Amino acid sequence: MPDLSSAQHHTPRETPDDEAAVNALRSAVMRLGRRLKHQRVDESLSPAEMSVLGTLARCGSATPGELARKEHVQPPSMTRIVALLESKGLVRLEPHPEDRRQKVVRQTEQAEAMLEESRRKRNAWLAELAGQLNEDEWEALRAAAPVLEKLAHL
């Protein structure tokens, strides 16, 4: 497996093969993402609300401003999302430990349980799909997973 932490970067050449690969990747990731979004446990949550809960699960508690930056939304939008999540019992606002003017958003146990069930359902659906792959395709998928993960976080 390639070392993903190395400083070497490959700039795609403007070849037809590179363009086709980028186009196929974009199309496949978008289609798969849409299909995964339909495998939801709680239909009452918007994709933005689910994304904020996922960020809190990955990164831990954060201020609304930090969440807005991580989610690439404006602070007023994040304030509305946090208020909706709080009204649903999925997050709670606590005093900031160093700056009493700010609040820290923490997910609740209810949110943790819902996210775990959502992951379980989506993983089961994806595993069922992947079960239709042959061994060579599975090997390619195992090799590609860390690269896709890196792309998702660049």
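Q: Where does S118 lie, and why is S118 called buried or exposed?
A: In this predicted model, S118 lies in helix α5. Its relative accessible area is 4%. Buried means under 20%, so S118, at 4%, counts as buried.

Q: What makes V41 and M50 contacts of S118?
A: A contact needs heavy atoms within 4.5 Å. S118 touches V41 and M50, leaving aside residues up to four places away in sequence. As for Q39, 79 residues separate Q39 from S118 in sequence, while their C-alpha atoms are 7.7 Å apart in space.

Q: What does H96 touch, and how far is a polar atom of its side chain from the backbone nitrogen of D99?
A: H96 touches T63, Q102, K103 and V104, not counting residues up to four places away in sequence. A polar atom of the H96 side chain is 3.0 Å from the backbone nitrogen of D99. The cut-off for a polar contact is within 3.5 Å, and 3.0 Å meets that distance.

Q: What makes P75 count as it does for accessibility?
A: P75 has 46% relative accessibility. Since buried is under 20% and exposed is over 50%, with partly exposed in between, P75 is partly exposed. P75 belongs to helix α4. From P75 to G89 there are 14 residues in sequence and 21 Å in space, C-alpha to C-alpha.

Q: Which residues are closest to the centre of the largest pocket, and what is the volume of this pocket?
A: The largest pocket has a volume of about 2,200 Å³. Its lining has 44 residues, and G33, L36, R122, E149 and A152 are the closest to its centre. Helices α1, α2 (47-59), α3 (64-71), α5 (109-130) and α6 (135-153) each supply at least two lining residues. By class, the lining has 24 nonpolar, nine polar and eleven charged residues.

Q: How do you know how confident the predictor is, and where is pLDDT under 50?
A: The confidence score is pLDDT, from 0 to 100. The protein averages 88, and 92% of the residues score at least 70. Over residues 1-7 pLDDT stays under 50, and the model has four contacts for them beyond four places in sequence.

Key
Residues are numbered from 1 along each chain as its sequence is written. This is a predicted model: local features need pLDDT of at least 70, side-chain atom pairs count only at pLDDT 80 or more; totals for chains, interfaces and linings use all residues. Side-chain values use heavy atoms; hydrogens and water are left out. On a 1 Å grid over the protein atoms alone, a cavity is a set of points where a 1.4 Å probe fits but cannot get out, and a pocket is an open set with protein on both sides within 12 Å along at least five of seven lines; lining residues have an atom within 4 Å of a point. Grid points are joined across faces, edges and corners, and a volume is the space filled by probe spheres set on the points. Helices (H or I, at least four residues) and strands (E, at least two) are DSSP runs, numbered from the N terminus. Ala, Val, Leu, Ile, Met, Phe, Trp, Tyr, Cys and Pro count as nonpolar, Asp, Glu, Lys and Arg as charged, and the others, Gly among them, as polar. A polar contact is a pair of N or O atoms within 3.5 Å; within protein, one must be able to donate a hydrogen and the other to accept it, and residues adjacent in sequence count only if both atoms are side-chain atoms. Buried means under 20% relative accessible area, exposed over 50%, partly exposed in between (1.4 Å probe, protein chains only).
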